[in-house]
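Subject: Handover of a structure

Dear colleague,

My notes on the ligand and the aromatic residues follow it.

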Amino acid sequence: MEAKKVMLSGIQPSGDLHLGNYLGAIKNWADRAEEFDCYYFMADLHTITVRQDPALLRKRTITQLAQYIACGLDPEKNTLFIQSHVPAHAQLAWVLECYTMFGELSRMTQFKDKSSKHQDNINAGLFTYPSLMAADILLYQPDYVPVGEDQKQHVEITRDIAVRFNNIYGDVFKVPEPYIPKAGARVYGLTTPGDKMSKSVPEGCVFMMDDPAVIAKKFKRAVTDSDREHCVYYDRENKPGVANLMNIYSAVTGKSYEEIEREFDGQGYGVFKPAVGEAVIEMLRPIREETERILADKAYLESVYKAGAERAGRVAFKTLRKVYKKVGFVAP
Ligand code: TRP
């Protein structure tokens, strides 16, 4: 049997997951394990390039791990771990920093954005972040790295670093391809249907851990339009609020837009909005309950991230050892 292709992705535990994250991406991840050998890690090393509240960072790292498991990422079928638990990430990052050019790093869009946003803390880590990300990736010799638009440039520089290193030392690293995931639903803010759902607009953002009552309220207050007939039909241009709700309802129930139009024909927004809310509540309920159950079981969570770090660590260490040898370090 041919070995499965390897896929790896890091997730920054810097915010609470919401409906947009779930319907847009996470929902499809569980199935990937059938086709790929998948590694997912909580990228805690990356988060401290901007200041974090330590207690909150710890809580988010653990909560996010529990949420991913609750969303269907089976720790038996995927390697789930916490980045800082595998020291090879920091170790390879240092080596790769010496093979990453100042000029390249200066051109990174994210560095330019973040350094202008946090002018009081333009630290060296913020600048060398892509070398750490290259290390995260190259340690596992993955075929694919699924990333969003904002991280494509970092996968590009990873490829450049890998090729540069390979040109000097022979084939050490596999040069990975970015992987464009099957597009999930694109979810917009409930109060700002022109913009993607975002935690920075919490009143229009449905967090995965929100109480059902809170979710119901957010949907009741969802912005629609001034159509006096309250007609539910799909028109992204002129009825962005309704289109967004239809899209969410469709993603949750599997119903087509035509079916939804028929279902709410003549019923108005007063019926439609709570119905979408109810469908979302019922979809999220088992995930939230499972997350809470997992979070309460500290021993289980610990066993998951320990086993994950061990499995990941073995693979990572093999690559690190090869790199150390190639660059001329004396074997310990
Ligand atoms: N930088 C990524 C982000 O902010 C997270 C990340 C860290 C990552 N290391 C990675 C993603 C390796 C893919 C592969 O979203």
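The notes below begin with the basis of the values and then turn to the findings.

This is a predicted model, in which local features need pLDDT of at least 70 and side-chain atom pairs count only at pLDDT 80 or more, while totals for chains, interfaces and linings use all residues. Residues are numbered from 1 along each chain as its sequence is written, and side-chain values use heavy atoms, with hydrogens and water left out.

The ligand has 14 residues around it, and those that come nearest are Gln 12, Tyr 129, Met 133, Asp 136 and Gln 151 (a residue is near if one of its heavy atoms lies within 4 Å). The side chain of Gln 12 has an N or O atom 3.1 Å from an oxygen atom of the ligand. For Tyr 129, a side-chain N or O atom is 2.6 Å from a ligand nitrogen atom.

The structure also holds 18 aromatic pairs (rings of Phe, Tyr and Trp, the last by its six-membered ring, with centres within 6.5 Å; planes under 30 degrees apart count as stacked, over 60 as edge-to-face and the rest as tilted). Phe 36 and Tyr 144 form an edge-to-face pair, because their ring centres are 5.8 Å apart and their planes stand at 80 degrees. Phe 36 is buried, at 5% relative accessibility, whereas Tyr 144 is partly exposed at 24% (buried means under 20% relative accessible area, exposed over 50%, partly exposed in between, with a 1.4 Å probe and protein chains only). Phe 165 and Phe 173 are both buried. One aromatic cluster is formed by Tyr 39, Phe 41, Phe 81 and Tyr 140.

With kind regards

How values were computed
A polar contact is a pair of N or O atoms within 3.5 Å; within protein, one must be able to donate a hydrogen and the other to accept it, and residues adjacent in sequence count only if both atoms are side-chain atoms.
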